[in-house]
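Hi,

Here is the structure I promised to pass on to you. Please have a look at it first, and then read my notes below.

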Protein chains: 2
Amino acid sequence: MSEGVEWALHTCLNLAWAAADQSISATRLAAFYELPAPYLNKQLQSLVRAGILTSTPGPRGGFRLARPIERVTLMDVVAAIEGPGEAFRCTEIRSRGPGAAPESDNKPPCAIDQAMRRAELAWRRELAAQTLADVQEQVLRSAPDAPERTRRWLAD
Amino acid sequence: MSEGVEWALHTCLNLAWAAADQSISATRLAAFYELPAPYLNKQLQSLVRAGILTSTPGPRGGFRLARPIERVTLMDVVAAIEGPGEAFRCTEIRSRGPGAAPESDNKPPCAIDQAMRRAELAWRRELAAQTLADVQEQVLRSAPDAPERTRRWLAD
């Protein structure tokens, strides 16, 4: 999984702590973690395309959350950054070479593909069950000053 | 996930269908699915290092299963090919930049890392719960002639 997922998740939490009507530039968001702004900008654009962020153009523009983080799951963010595809991609090698089963309209599904999908489904289900609000709640428990520190720095 | 996982899983099933004492070369195993032998060989060496296969050197050498497939889980094969690391790697960006929490010996774990790990654990648990024997059983139900076809071709 690309490091963009970590960047995107942390940045969404920061945006949740910013003032509600504040748009924040990619440069500013990147500086918060000393990330390369052009790369973070790429992830932010992906989040916009996925409907998680909105972006406002112009010199005072930037990014903010498109909806409350209670309605953004970890799965939403991972899918926005990594794409919606499966991690295990069956390329149907069983249909190639001398071992190939006879062609049939009614080919049974590949047992390996199905087994791998079962595991991936468990992963997706778990990601979909956790919202950014759940994560935020946990951060608040261990670092109660994080929102105020973040908000102050982003507002500067 | 690399396509090597699909190759490795299918090839392990084929080895399970080969005669018990038969070592099969990477070239032969690759030809079964028209795969590039040097690349498949790399995956087979990884499976040897993980204790899933054994290899015998020499002109009549090759690969065979090191233990019954009842004791090889999908997780074993995935870890052998992809490495034991987590798919989501926390690089602790929260400790960088102006937003960094004050250094402390007692730093609370990163809530995002923990949430991502929970999902990955669900995936690993599912992969660890399925053995190659389970997958084989399913193949047998949908393609009862697969073992005989495979055995015959590999024995040629």
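In which helix of chain B does B:Asp113 lie? B:Asp113 belongs to α5 of chain B, where helices (H or I, at least four residues) and strands (E, at least two) are DSSP runs numbered from the N terminus.

Some ground rules before the rest. This is a predicted model, in which local features need pLDDT of at least 70 and side-chain atom pairs count only at pLDDT 80 or more, while totals for chains, interfaces and linings use all residues. Residues are numbered from 1 along each chain as its sequence is written, chains are lettered from A and ligands numbered from 1 in the order in which they are written, and side-chain values use heavy atoms, with hydrogens and water left out.

Back to B:Asp113: it counts as buried because its relative accessibility is 12% (buried means under 20% relative accessible area, exposed over 50%, partly exposed in between, with a 1.4 Å probe and protein chains only). Leaving aside neighbours within four places in sequence, B:Asp113 is in contact with B:Phe88 and B:Cys90 (contact means heavy atoms within 4.5 Å).

Next, helix α4 of chain B. Its buried residues are B:Leu74, B:Met75, B:Val77, B:Val78, B:Ala80 and B:Ile81. They pack against α5 of chain A, and against α1 (4-17), α3 (37-49), α5 and α6 (132-142) of chain B. After α4(B) comes B:Gly83, with a positive phi near 90 degrees.

Strands β1 (residues 53-56) and β2 (residues 62-65) of chain B run antiparallel and are joined by four bridges (two strands pair if DSSP finds at least two bridges between them). B:Thr54 has B:Arg64 in β2(B) as its bridge partner. Five residues sit between the strands, and B:Gly58 in this hairpin takes a positive phi near 100 degrees.

How do the two chains relate?

Happy reading!
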